[in-house]
Amino acid sequence: PEGEPVFGAPEISVSFRVMDLLSGALRPPAIDVAGVAVRVARDAQGRFTLAGFSALAGDAAAAPAPGLPTGALTALLEAAAAGEGMMGALRRVSGRDLSVVFEDDVSDRDWIAAEASATLELTPTRQAFALSAAIFPVDEISDPSVAPARAFLAAERAVADGALSAELRLDDARLPQLAQMIPELAALRPLDARASGRLHLEADEVGRLLALNGALRIGEGRLEGMPEGSEGFQSISLDLGWTASTGALELSRAELRADAVHAILSGRLTPWGGAQGVQPPPGYAVDLGLPLLELTPEAGFDYVLVFDAGRLEGDLLLEERRMEVSELYLAGADLSLTGNGSVAAAQGGVAVAARLASDGFSTEALLQHWPMAAAPGGRRWMDANVLGGRVTSLDAWVWSSPGEAPEVTLDFAFDGLSANVVRGLAPVTDGRGTGRATLDR
């Protein structure tokens with residue numbers, strides 16, 4: 001017969017209505033296929049195209065060879081939705097034992113959805129698609145230690161304008177890879193952990209993302225690039241959203257739990273330059289509220305320290321894994337602090353260079369908020385000799401690097417001080433003055 005082949009597969013099951021067969025019409029309402037490889041491409045502007053089909057050659061995780069052209073198949077599907085032609089009665093296409101290769105110019109990486117099953121339902125007004133698969137990078141197929149993420153996608157496309165809406169459910173996805181596939185989540189890339197959750201996606205007729213929102217639950221992990229055994233976090237919960245109009249990642253609630261800290265945050269991370277294209281930005285402007293920050297004894301304090309109000313502003317530099325803090329504000333029952341500085345991932349831990357200031361607190365609060373590892377000699381002297389008083393102002397400079405003792409320089413003023421200054425003499429009472437101390441031991 002003449003004409004171009006539309007589709008081929010190792011196994012194809014076609015359903016027909018009896019009345020259509022009796023009338024000589026071949027108008028299948030349903031088609032099921034197995035063992036097919038599908039290629040989907042995303043260009044650098046974020047536009048999706050169906051790149052081809054082919055039969056799988058043995059291994060279901062193998063990348064498909066160049067397949068049949070898609071123009072004829074696309075035309076048939078459009079005719080089916082309109083109820084025209086030999087596919088005019090087609091309402092359902094399903095597939096099993098599929099392999100979907102995602103050729104992605106945005107992440108500059110190819111991905112594969114193996115062991116996949118899919119369904120496509122057609123009506124005159126909408127097209128509904130569902131996919132369930134194990135997803136991992138093509139270049140990691142041969143690595144037995146790599147556990148793929150499980151994903152379930154349910155999407156609908158309006159025939160009238162092509163608008164897409166989808167629900168994406170993820171299980172055990174690696175965050176750095178998820179941030180590559182969905183660059184709108186690039187701010188999460190420094191977190192070396194696995195995540196599960198749901199995302200609602202809105203896209204235009206060619207698949208470019210317009211908005212997303214949802215919740216991710218991130219398991220135990222650490223900052224990307226940190227060595228095994230280094231301090232990390234136990235869990236992070238995120239309720240988030242994103243829109244193309246601003247490009248900002250909105251955190252309606254973020255909760256971090258680690259051995260040393262428990263924090264609740266909300267706010268936004270805005271890509272440098274405002275709304276971006278599909279390529280991830282080099283950095284983000286950070287504006288976060290801190291309604292709760294708890295520092296536990298594992299952080300090096302005698303007590304659990306609680307700050308019930310706070311704010312964090314600065315810039316997050318993704319490639320350098322560094323946060324430049326322009327403004328930090330923390331307020332608790334006994335102490336309020338402001339500060340700025342830099343926090344960066346370093347070999348073996350985290351490096352800190354910061355300035356902190358306060359407009360006053362008691363000497364008792366000073367000891368409670370003084371890390372036990374920071375100049376322990378000075379801390380012991382104060383604990384043994386300072387009987388009471390108030391620090392009326394403080395400027396502190398802190399330097400900390402993995403494997404090295406922290407260094408602290410303090411400029412301070414005090415009032416109402418009672419302390420044992422010289423052994424054998426009566427304590428100083430109602431002392432007032434200013435001073436500077438450098439504490440490194």
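Pro 291 counts as partly exposed, at 43% relative accessibility, where buried means under 20% relative accessible area, exposed over 50%, and partly exposed in between, with a 1.4 Å probe and protein chains only. The residue sits in strand β17, residues 283-295, strands (E, at least two residues) and helices (H or I, at least four) being DSSP runs numbered from the N terminus. The model is predicted, so that local features need pLDDT of at least 70 and side-chain atom pairs count only at pLDDT 80 or more, while totals for chains, interfaces and linings use all residues. Residues are numbered from 1 along each chain as its sequence is written, and side-chain values use heavy atoms, with hydrogens and water left out.

With neighbours within four places in sequence set aside, Pro 291 is in contact (heavy atoms within 4.5 Å) with Ile 264, Leu 265, Phe 307, Asp 308 and Ala 309.

Among contacts between residues at least 6 apart in sequence, 49% join residues at least 24 apart. The chain exposes about 22,200 Å², of which carbon and sulfur atoms supply 55%; accessible areas come from the Shrake-Rupley method with a 1.4 Å probe, and for residues only the protein chains shown count as cover.

The interior can be followed through its nonpolar cores, each a set of buried Ala, Val, Leu, Ile, Met, Phe, Trp, Tyr and Cys residues joined through side-chain atoms within 4.5 Å. The largest holds 70 residues, and those touching the most other members are Ile 182, Leu 185, Leu 212, Ile 218, Leu 240 and Leu 269. Beyond its neighbours within four places in sequence, Leu 240 is in contact with a set of residues including Leu 185, Leu 199, Leu 212, Asn 213, Glu 250 and Ser 252. A second, separate core of 18 residues includes Leu 335, Leu 337, Leu 367 and Met 382.

Ala 193 lies in the loop between β10 (191-192) and β11 (194-203), and it is buried because its relative accessible area is 6%. Not counting residues up to four places away in sequence, Ala 193 touches, among others, Ala 173, Arg 174, Pro 176, Ile 218 and Phe 233. Arg 174 is 19 residues from Ala 193 in sequence, with 5.9 Å between their C-alpha atoms.

Thr 409, in strand β24 (residues 407-419), is likewise buried, with a relative accessible area of 12%. Its contacts, leaving aside neighbours within four places in sequence, are Asp 395, Ala 396, Trp 397, Trp 399, Arg 436, Ala 437 and Thr 438.

Backbone geometry draws attention to two further residues. Most residues other than glycine have a negative phi. Arg 321, however, has a positive phi near 50 degrees; this residue is in the loop between β18 (305-317) and β19 (322-332) and is partly exposed at 31% relative accessibility. Asp 430 also has a positive phi, of about 50 degrees, although it is not a glycine, but its place is in strand β25, residues 428-439, and it counts as exposed because its relative accessible area is 59%.
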